[in-house]
Structure formats: structure tokens, C-alpha cells
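Subject: Structure for your review

Dear colleague,

My notes on what was found in it follow.

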Amino acid sequence: MRPSPLVAIVAACLIPLAGVAAESPAKPVEVMVVGVFHMSNPGHDIHNLKVDDVLEPKQQAQIAAVTDALVRFKPTKVGVEWPANLVTERYKQYLAGTLAPSRNEVVQLGFRLAKTVGAEGAYGLDADGDFPYERLKNFAETRGFQGLFDEQNAIDRRVVDEQARLLAEKGIAADLRFLNDPVRLRSGNSWYRNMLGIGLNDDQPGVDLLTGWYHRNFRICANLLQVAKPGDRIVMFFGSGHAFLLRQCVTETPGFKLVEANDYLPE
């Protein structure tokens, strides 16, 4: 008995749907955000850590141990805190052996890992942004918020002091594990949230500072999303102040999965 025309039409429609259901879902993009300290002592942060010369043999051995441990993640891409055009130029020089010696963590960690693991490349994911810290500081000093401002900066100062102790006593890997502890990252981000308390009426320097900071990190997040493809395994090396928001970006983006840096960083 031949099927009715209606049954034949329904069957024809179901065949493609069955094929779609059988397809495997796209592999997630796995991202490890590694919050770092600035190895070249640029002095650009509110509280700056004084770092020993990372080109010395002792520090080079410690950096090599870190990158060798991260190789186990098998990254396909490495993202760094430089603009894309600068990375394109300098990573080629690094691979060719013509880049001048650099103490910057982009080179010491990012370029080194990308070359060691044979990743597709190093990608510059950084973006410019406004950070009106001086306006915030002046407002706090003149409008009655000095206590809150000093309290929060004292907390940050203690974190930098702890980093200095770890570097001196235990080395680079220990400091990186400290910086990338999820509890410490949440605590560190509270500085930005507490700055929202500095402002009066329509004059809100704390809001303006956070707006600029979030805008920059959203742009970094966008750069990450735009270079990633399903199945990628990406390591991002950024100043530890960025790590909380970049981790949030990864965990809240469909198709992305956060990988804990401390599951790979050496003890």
C-alpha cells in the first residue's frame, strides 16, 4: 500500500531534522585568564610592585617553569595585553630571533608560551580606555571622602606588599598563584565597586572611573570573542586587575568555558 501524499510530505520534512539532531554541538571555547604582574616595572599602576630583573638566570628559570606548566593546557591561541598591530610586528620578530631583549610579560610569558606550544599565534587583545583616577582622588580629598579613599588604597597596598614577599621568598609561580586565586580576585575587584561611594548628586567621579574601566574590559572581551572559534583553547595574559572582569566575560558568554589558571600554574 502506497503512503498517502500527506505522510510522504511529513516524512520528507523529518529526515533533515533527524540529521541536524545527530550533529554534535560545537565544542566550547576554553579560556584560561592568567592575571599577571608587570615584569618590566613600568610604574603605570596606582600601587606599583618593584620586580627584580626578569632577564637574570634565576628569574628566567622561574618563568620557564610557569610556561612549561601552562603547555599542559595545549593552547591554540595566546592573548596578550598589547594592541594587535604591535603584537603582529613584534611576535614575528620574536620568532625570527630579531626582537630586542624585553622584560615585558607579553614577551616573557605570552610570546614564550605561544612559541613553545606551537600555537596558531599570539594575539593582541588590549584596548585603550579612560581611567580618570586623578579626578576621583581630588574629589575624595576635597569633598569629604578621604577616609574611604585611603582605606581602600591601604588594602591595595597590602596586596602589593604580599606580592613582594612572595616574589622574594617563593618566586614568580607563587605570586601568580596568589594573584589568580578566585577569592582574592573577588576581593581585589571590590576596590572598583567601593569607589562608587565617592560622589555627590550629579558629580560622580567614582561612576565615571568605573564606566571607563568597564568599557575598556568590555572592549578586551570583544577582541577575545572576535578571534575565538569553536574548540579553541586560549590563554590570556593580562594585568591581574583585569582578571575578575575578563573571567566574568568568559563565564557569562554562551559557548565559552573558563579554565582555572591555578589548576595549571606550578606550586
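Leaving aside its neighbours within four places in sequence, Arg 112 is in contact with Gln 60, Ile 63, Ala 64, Thr 67, Tyr 94 and Val 107, where contact means heavy atoms within 4.5 Å.

Please note that this is a predicted model, in which local features need pLDDT of at least 70 and side-chain atom pairs count only at pLDDT 80 or more, while totals for chains, interfaces and linings use all residues. Residues are numbered from 1 along each chain as its sequence is written, and side-chain values use heavy atoms, with hydrogens and water left out.

Arg 112 belongs to helix 4, residues 105-117. Helices (H or I, at least four residues) and strands (E, at least two) are DSSP runs, numbered from the N terminus. Although Arg 112 is buried, it has no salt bridge, and Asp 68, the nearest side chain of opposite charge, is 7.3 Å away. Buried here means under 20% relative accessible area, with exposed over 50% and partly exposed in between (1.4 Å probe, protein chains only). A salt bridge requires a side-chain nitrogen of Lys or Arg within 4 Å of a carboxyl oxygen of Asp or Glu. For charge, Lys and Arg count as positive and Asp and Glu as negative, whereas His and the chain ends are not counted.

Overall composition

The protein has ten helices and five strands. Of its 267 residues, 43% count as buried. Among contacts between residues at least 6 apart in sequence, 80% join residues at least 24 apart.

The five strands form an open sheet in the order 3-2-4-1-5, with parallel pairing. Strand 3 (122-124) and strand 5 (256-259) stand at the edges with a single partner strand each, so one side of each is left without a neighbour in the sheet. On average, neighbouring strands of this sheet are turned by 25° against each other, direction ignored. Two strands are taken to pair if DSSP finds at least two bridges between them.

Strand 4 (residues 233-239) is joined to strand 1 by seven bridges, and the two run parallel. Within this pairing, Glu 30 stands opposite Arg 233, and Val 34 has Phe 237 as its bridge partner. Four bridges join strand 4 to strand 2, again in parallel; here Val 78 stands opposite Val 235. Strand 4 is mostly covered, with six of its seven residues buried.

Helix 3 (residues 84-96) lies across strand 2 (77-80) and strand 3, running at about 150° to strand 3. Axes are lines fitted to C-alpha atoms, for helices over the stretch in contact, and angles run from 0 to 180 degrees between N-to-C directions.

Which helix is largely enclosed by the rest of the structure? In helix 7 (residues 172-179), seven of the eight residues are buried, so this helix is largely enclosed. The buried residues are Ile 172, Ala 173, Ala 174, Asp 175, Leu 176, Arg 177 and Leu 179. They pack against strand 1 (29-36), helix 2 (57-70), helix 6 (146-169), helix 8 (182-194) and helix 10 (240-251).

Helix 2 and helix 7 pack at an angle of about 50°, with their axes 8 Å apart. That makes helix 2 oblique to helix 7; angles under 35 degrees count as roughly parallel, over 145 as roughly antiparallel, 65 to 115 as roughly perpendicular and the rest as oblique. Gln 59, Gln 62, Ile 63 and Val 66 of helix 2 meet Ile 172, Ala 173 and Leu 176 of helix 7.

Ala 173 of helix 7 counts as buried at 13% relative accessibility. Leaving aside neighbours within four places in sequence, Ala 173 is in contact with Val 66 and Pro 266. Ala 173 and Asn 262 are 89 residues apart in sequence, and 9.8 Å apart in space, C-alpha to C-alpha.

Two further sites

The axes of helix 5 (residues 133-142) and helix 6 come within 7 Å and cross at roughly 130°, which makes helix 5 oblique to helix 6. Tyr 133, Leu 136, Lys 137, Ala 140 and Glu 141 of helix 5 make the contact with Gln 146, Phe 149 and Asn 153 of helix 6.

Asn 189 lies in helix 8 and counts as buried at 6% relative accessibility. Beyond its neighbours within four places in sequence, Asn 189 is in contact with Tyr 214, Phe 244 and Leu 245.

A colleague
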